Amino acid sequence: MQAQAPSPVATAAASLSGGTEVAPALAAARLALSRDLTLAFRKRGQLIQPLAFFALVTMLFPLAVSPELSRLRAIAPGVLWVAALLASLLALEFLFRDDAYDGTLEQYALSGQSLTWLLFAKTAAHWLLTGLPLALMAPLAAMSLGVAAAAVPGIVLVMVVGTVALSLIGAIGAALTLGMKRSGALLALLTLPLSLPVLIYGARATELAIGGTSFIAPLELLAALAVLAVTLAPLAAAAAVRISLE
Amino acid sequence: MRWTWFHRLASPPYLYALAARLTPWFAWPAALLILGGLYAGLVLAPPDYQQGEGFRIIYVHVPSAWMSLMVYVTMGVAAAVGLIWRMKVAHAVAASCAPIGASFTVAALVTGSLWGKPMWGTYWVWDPRLTSELILLFLYLGFMGLRAGFDDTQRADRSAALLAIVGMVNVPIIHYSVIWWNSLHQGPSVMRLGKPTMPPAMLVPLLVLLLGFTLFFAAVLLVRVRAEILQRERAARWIGETLRA
């Protein structure tokens with residue numbers, strides 16, 4: 001067997017880890033993750049957009065429904081989750097677009113590293129930049145809808161778990177629509193039906209958290225969805241990216 | 001194990017001719033079963049003791065709903081075959097399934113809401129099955145939308161195939177989460193279709209129609225597959241030879 005020349009990503013990964021025993025796929029994934037985070041922090045404007053959108057959608061409901069806190073409190077879980085779903089959908093546009101334009105995705109596919117792991121890292125970075133901030137901002141939005149402060153830990157926890165699943169499901173849709181000129185509406189049509197279970201369990205768990213009762217059952221179901229998404233979505237996204245590069 | 005029959009199916013001219021030959025074998029039994037089943041269901045079967053004559057819509061509603069799911073599974077399997085074995089005609093089959101399945105879904109939704117008016121007093125109730133059916137319609141629309149989004153047939157085929165497989169994994173999850181959701185917000189006395197204790201005079205026409213709808217789907221699918229193959233292979237020489245013969 002002839003030894004293959006190590007790919008640039010693998011070499012960089014080896015030098016970065018100082019030659020210690022790190023699985024190359026994981027090392028490459030870590031590099032992709034830190035690269036995405038670095039890039040994102042150099043373009044901070046983009047990070048604000050989904051958050052501002054989330055706040056804006058939440059604000060629409062008091063204006064459209066009623067300023068009475070008692071009525072708003074009743075619809076708060078639904079409002080929070082619909083707003084989070086739409087905001088994460090909006091943020092999906094940033095997930096692969098730039099890397100598809102400048103050829104980075106193609107290099108990832110050719111690097112000899114597992115594309116699944118690299119896309120998982122990219123999605124993880126995307127979640128750190130959009131899903132997690134959304135979850136941290138959700139209590140603010142909830143309190144503006146008249147939710148008691150005691151519910152804040154529960155709301156954040158449910159939102160953290162739910163946005164993991166949303167980011168990963170969205171990654172499949174974003175990968176399928178790569179290279180399309182106007183993919184916005186189609187992306188929504190592909191992603192939203194697949195995200196409905198997350199919406200159902202997330203909103204129910206939030207409702208229970210706001211009511212001050214145990215929300216462990218829907219949270220566990222939500223966590224199961226997140227685990228399933230972590231396991232399968234990167235595989236599907238990698239397959240979709242490969243199809244787009246054929 | 002001999003796989004030659006499978007390989008032969010992958011050849012567009014062979015499948016085109018086979019589809020043409022098989023169509024009447026499905027179309028005529030489908031027509032007879034549907035006409036007979038409708039007569040038995042709409043005329044011969046006794047009215048329901050609770051729902052009166054209104055229950056008869058199940059003879060269209062239940063087979064449509066059943067087909068909407070079965071067509072989705074057929075589409076997903078065809079898409080998977082196309083993706084795994086790179087079989088172009090399997091993608092043609094998957095692409096032909098989508099509009100048929102979407103039509104069955106629309107039929108199930110329309111008949112369901114028409115049935116709802118006399119039974120529930122309103123055209124739409126967020127019943128778990130109607131809701132699942134509506135979501136299924138969006139899954140079909142997404143599949144067709146993704147196909148339409150690409151000019152390149154191969155890219156459209158393979159991307160849509162992947163989406164169909166993802167959708168197949170998700171359909172049960174969506175369905176059970178919707179049932180779970182509905183069990184929390186149980187409305188006032190939702191009546192259920194298709195009680196297990198249906199007398200034979202009502203049940204037999206339903207089974208006949210289920211079979212008839214399935215054969216009807218097979219016949220329409222074969223016709224659509226031929227059209228799809230003609231369109232895809234329009235530059236191929238065998239088409240001219242076949243059509244002149």
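At what angle do α5(B) and α6(B) pack, and how far apart are their axes? The two helices pack at an angle of about 165 degrees, with axes 10 Å apart, where axes are lines fitted to C-alpha atoms, for helices over the stretch in contact, and angles run from 0 to 180 degrees between N-to-C directions. α5(B) and α6(B) are therefore roughly antiparallel to each other, a term for angles over 145 degrees.

This is a predicted model, in which local features need pLDDT of at least 70 and side-chain atom pairs count only at pLDDT 80 or more, while totals for chains, interfaces and linings use all residues. Residues are numbered from 1 along each chain as its sequence is written, and chains are lettered from A in the order in which they are written.

**Chain B**

Chain B has eight helices and zero strands, with helices (H or I, at least four residues) and strands (E, at least two) taken as DSSP runs numbered from the N terminus. The C-alpha trace of chain B spans about 60 × 40 × 35 Å along its principal axes. Of its 245 residues, 40% count as buried, meaning that 20 or more other C-beta atoms, placed from the backbone, lie within 10 Å of a residue's own. Two residues are in contact if their C-beta atoms, placed from the backbone, lie within 7 Å; among contacts in chain B between residues at least 6 apart in sequence, 79% join residues at least 24 apart.

The loop between α2 (12–44) and α3 (58–85) of chain B holds B:E53. This glutamate is exposed, with 10 other C-beta atoms within 10 Å, the cut-off for exposed being 12 or fewer. The C-alpha atoms of B:E53 and B:L42, eleven residues apart along the chain, are separated by 8.7 Å.

| Helix pair | Angle | Axes |
|---|---|---|
| α5(B) and α6(B) | about 165 degrees | 10 Å apart |
| α7(A) and α8(A) | roughly 145 degrees | within 8 Å |

The contact of α5(B) with α6(B) includes B:I135, B:L139 and B:F143 of α5(B) and B:L163, B:I174 and B:V178 of α6(B). By class, this contact has twelve nonpolar, seven polar and one charged residues, with Ala, Val, Leu, Ile, Met, Phe, Trp, Tyr, Cys and Pro counted as nonpolar, Asp, Glu, Lys and Arg as charged, and the others, Gly among them, as polar. In chain A, residues of α7(A) including A:L119, A:W127 and A:L134 meet residues of α8(A), among them A:I155, A:M159 and A:L166. The residues of that contact divide into 18 nonpolar, five polar and no charged.

**Between the chains**

The contact between the chains takes 20 residues from chain B and 18 residues from chain A. The elements giving two or more residues to the side of chain B that touches chain A are α5 (128–149) and α6 (153–184), and the largest share, twelve residues, comes from α6(B).

**Confidence in chain A**

Among the elements of chain A, helix α1 (residues 8–16) has the lowest mean pLDDT (49) and α8(A) the highest (95). Over residues 1–6 of chain A the pLDDT stays under 50, and the model has one contact beyond four places in sequence for this stretch. Where pLDDT is low, the predicted coordinates should not be read in detail.

Methods: pLDDT is the predictor's confidence in each residue, from 0 to 100. Angles under 35 degrees count as roughly parallel, over 145 as roughly antiparallel, 65 to 115 as roughly perpendicular and the rest as oblique.
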